[in-house]
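The sequence and coordinates come next, followed by the points grouped by topic.

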Protein chains: 4
Amino acid sequence: MASLEELLARGYSESRIRVRYAETDQMGVVYHANYLVWFEVGRVDFIRDMGLDYKAMEKEDNAMIAVIEASARYKAPARYDDEILVRTSLAGVRGTIVRFRYAVLRAATSASDEQLLCEGETTHIVVNREMKKRDMPQHYADRFRALLPRLTKLE
Amino acid sequence: MASLEELLARGYSESRIRVRYAETDQMGVVYHANYLVWFEVGRVDFIRDMGLDYKAMEKEDNAMIAVIEASARYKAPARYDDEILVRTSLAGVRGTIVRFRYAVLRAATSASDEQLLCEGETTHIVVNREMKKRDMPQHYADRFRALLPRLTKLE
Amino acid sequence: MASLEELLARGYSESRIRVRYAETDQMGVVYHANYLVWFEVGRVDFIRDMGLDYKAMEKEDNAMIAVIEASARYKAPARYDDEILVRTSLAGVRGTIVRFRYAVLRAATSASDEQLLCEGETTHIVVNREMKKRDMPQHYADRFRALLPRLTKLE
Amino acid sequence: MASLEELLARGYSESRIRVRYAETDQMGVVYHANYLVWFEVGRVDFIRDMGLDYKAMEKEDNAMIAVIEASARYKAPARYDDEILVRTSLAGVRGTIVRFRYAVLRAATSASDEQLLCEGETTHIVVNREMKKRDMPQHYADRFRALLPRLTKLE
């Protein structure tokens with residue numbers, strides 16, 4: 001977690017995750033679907049760094065950010081107990097559609113540099129509790145749009 | 001899935017699950033927390049076999065069966081692609097408390113007999129949407145109580 | 001599970017999954033990462049329907065099908081206890097790269113037709129236990145290539 | 001993560017976890033099986049705080065800590081985005097059997113005190129890669145036994 005200033009200075013938010021035993025599979029590496037869960041951890045931290053509260057948005061504004069598209073490209077496997085960095089940035093805001101982009105890395109250690117493990121993107125629409133499409137609450141939308149040009153694209 | 005007659009004839013319900021790759025960990029066996037998910041699969045099938053609809057109970061009766069205690073004893077590991085049987089029975093119904101008991105087995109194959117992998121028990125109370133304790137809707141409670149003496153204990 | 005004849009007659013394999021409580025999230029629908037787990041269930045059944053044994057391929061041939069890319073487009077939410085169909089087909093086999101395509105549907109009920117919930121694609125390479133790229137064992141590769149033109153693309 | 005001194009001063013290790021959206025279910029609270037995953041996060045941090053490296057124990061000593069029993073008692077629900085503390089201590093070391101005990105709490109906020117959400121216990125044996133029972137490597141066993149009387153029981 002960081003402040004909006006840090007988010008803008010870096011151009012992306014950064015989350016730290018320690019790989020759990022439960023996240024590995026019998027190939028001895030992290031099961032690929034878990035990266036989508038890590039993207040979500042990144043997304044939530046990104047929104048928090050923006051100074052917004054996603055929980056309140058769901059509860060008080062009846063507005064949920066639903067995933068309509070997700071993709072991931074796996075470069076190298078993450079392993080049990082690795083320290084993982086998830087970097088999250090905005091890829092686009094257009095009408096009611098928001099796109100996030102992610103880079104998942106193994107953090108640098110005394111023995112090795114940081115290493116890119118996975119890149120991905122998710123696309124979202126805003127829905128209400130009945131899962132019907134709706135506009136993003138105005139103060140959230142304003143914040144997203146203001147932020148977009150000031151961020152790194154993580155391309 | 002079976003009928004109430006089959007449930008009574010057998011003394012327990014029986015669910016079939018094929019072990020998913022996602023359920024294994026780097027030890028090469030099923031990660032232990034997944035057995036609690038399988039217990040839930042067994043519990044839902046048990047309730048369905050009773051002729052009740054848990055989904056309707058949540059939606060229409062505002063009554064959810066919340067877990068207040070769970071335990072599992074692991075006897076032998078399940079492995080990827082194993083065919084698993086979850087046998088579920090009632091262990092007790094007292095006031096607003098319901099207890100289920102489970103036996104998880106590897107199904108018999110041409111090469112081997114069925115094998116007990118895990119035994120467990122879960123204890124539940126009924127809550128409403130606000131997670132406040134409430135009585136079980138009468139027609140569900142009646143059904144549970146009528147069934148209890150006619151089932152195998154799976155001890 | 002079906003035979004190779006059925007696979008060819010249909011043009012894709014078909015897996016049935018009952019949505020687990022564990023797979024829902026607080027939005028009241030299936031958490032989006034679980035579709036990747038369901039794709040994997042579909043992929044394993046597809047390979048089984050081909051008459052191949054993925055478990056043996058891992059164990060005896062030291063060849064694992066690792067995911068290098070995954071994507072999903074979500075059309076409508078799956079809900080607890082829904083009966084889900086996962087249709088899986090090959091999208092391509094080129095050199096050491098295999099691509100699968102998936103359609104996830106809610107099965108038809110007495111009250112409603114089947115409904116498309118999610119489409120997706122995964123791309124794979126074959127690796128050995130040390131996660132190094134290798135060729136697919138010849139008899140698997142032959143089978144995949146022979147099958148490709150005889151299947152539906154699920155586009 | 002902390003040092004052995006801190007572990008001894010406190011009597012238990014303490015892990016911090018932010019509840020993920022993926023960990024909630026449609027009841028709007030954390031799905032109960034996830035507490036076993038959190039226990040494992042606590043256990044790994046505990047072993048790390050002891051100055052031991054579980055990863056090395058698996059890889060270099062061919063010794064894995066397998067779960068043979070797990071139990072949890074749920075007191076109050078955890079919710080999305082809650083900050084969770086997992087306190088882990090040893091409950092016993094006897095022959096080749098190790099028992100851990102856990103307390104899962106919601107961290108104190110400006111608005112509320114910390115609150116106990118779940119208590120649990122897991123029992124373990126040491127196995128080799130073939131899942132056969134073996135002794136704990138001597139330097140690990142010595143460390144566990146030396147530590148036991150100096151810890152809080154978390155009862």
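By class, five nonpolar and four charged residues line the second largest cavity, with no polar ones among them. The model is predicted, and the values below are computed from it. The volume of this second largest cavity is about 50 Å³.

**Second largest cavity**

- Its lining is made up of Tyr80(B) and Asp81(B) together with Val44(C), Ile47(C), Arg48(C), Leu52(C), Asp53(C), Tyr54(C) and Lys55(C).
- In chain C, H2 and helix H3 (54-60) each contribute at least two residues to this lining.
- H2(C) gives the largest share of the lining of the second largest cavity, namely three residues.

**Largest cavity**

- The count of cavities of 30 Å³ or more comes to two.
- The largest cavity holds about 770 Å³ of space.
- It is lined by 32 residues, of which Asn34(A), Ala22(B), Asn34(B), Asn34(C) and Asn34(D) are the closest to its centre.
- Helix H2 (34-49) of chain A, of chain B, of chain C and of chain D are the elements that give two or more residues to the lining of the largest cavity.
- The lining of the largest cavity divides by class into 16 nonpolar, eight polar and eight charged residues.

- Chain C is superposed on chain A by a rotation of 180 degrees, with 0.0 Å of shift along the axis and an RMSD of 0.0 Å.
- The two copies are thus related as by a two-fold rotation axis.
- Within chain C, Ser71(C) has the C-alpha nearest the axis, at 2.0 Å from it.
- Of the interface residues of chain C, 100% are also interface residues in chain A, so the copies meet through the same surface.

**Salt bridges: total and network**

- Side chains of opposite charge can pair when their charged atoms come close.
- Over all chains, the structure holds 52 salt bridges.
- One network of salt bridges links Arg18(A) and Asp81(A) with Asp45(D), Arg48(D) and Lys55(D).

**Salt bridges within chain D**

- Glu14(D) and Arg87(D) form a salt bridge in which the closest N and O atoms are 2.7 Å apart.
- This pair links distant parts of the chain, with Glu14(D) in strand S1 (residues 13-18) and Arg87(D) in strand S3 (residues 83-94), 73 residues apart.
- Both Glu14(D) and Arg87(D) are buried.
- A salt bridge also joins Asp81(D) to Arg18(D), with 3.9 Å between the closest N and O atoms.
- Here the partners are 63 residues apart: Asp81(D) is in the loop between strand S2 (64-74) and S3 of chain D, and Arg18(D) is in strand S1 of chain D.
- Asp81(D) has 7% relative accessibility and therefore counts as buried, the limit being under 20%.
- Lys75(D) and Glu119(D) meet through their side chains in a salt bridge, at 3.9 Å from N to O.
- Lys75(D) is in the loop between S2 and S3 of chain D, while Glu119(D) is in strand S5 (residues 115-127) of chain D, so this pair ties together parts that are 44 residues apart in sequence.
- With 47% relative accessibility, Lys75(D) counts as partly exposed.

Terms used
Residues are numbered from 1 along each chain as its sequence is written. Chains are lettered from A and ligands numbered from 1 in the order in which they are written. This is a predicted model: local features need pLDDT of at least 70, side-chain atom pairs count only at pLDDT 80 or more; totals for chains, interfaces and linings use all residues. Side-chain values use heavy atoms; hydrogens and water are left out. On a 1 Å grid over the protein atoms alone, a cavity is a set of points where a 1.4 Å probe fits but cannot get out, and a pocket is an open set with protein on both sides within 12 Å along at least five of seven lines; lining residues have an atom within 4 Å of a point. Grid points are joined across faces, edges and corners, and a volume is the space filled by probe spheres set on the points. Helices (H or I, at least four residues) and strands (E, at least two) are DSSP runs, numbered from the N terminus. Ala, Val, Leu, Ile, Met, Phe, Trp, Tyr, Cys and Pro count as nonpolar, Asp, Glu, Lys and Arg as charged, and the others, Gly among them, as polar. Copies are superposed by least squares on the C-alpha atoms of residues with pLDDT of at least 70 in both. Contact means heavy atoms within 4.5 Å. A salt bridge is a side-chain nitrogen of Lys or Arg within 4 Å of a carboxyl oxygen of Asp or Glu. Buried means under 20% relative accessible area, exposed over 50%, partly exposed in between (1.4 Å probe, protein chains only).
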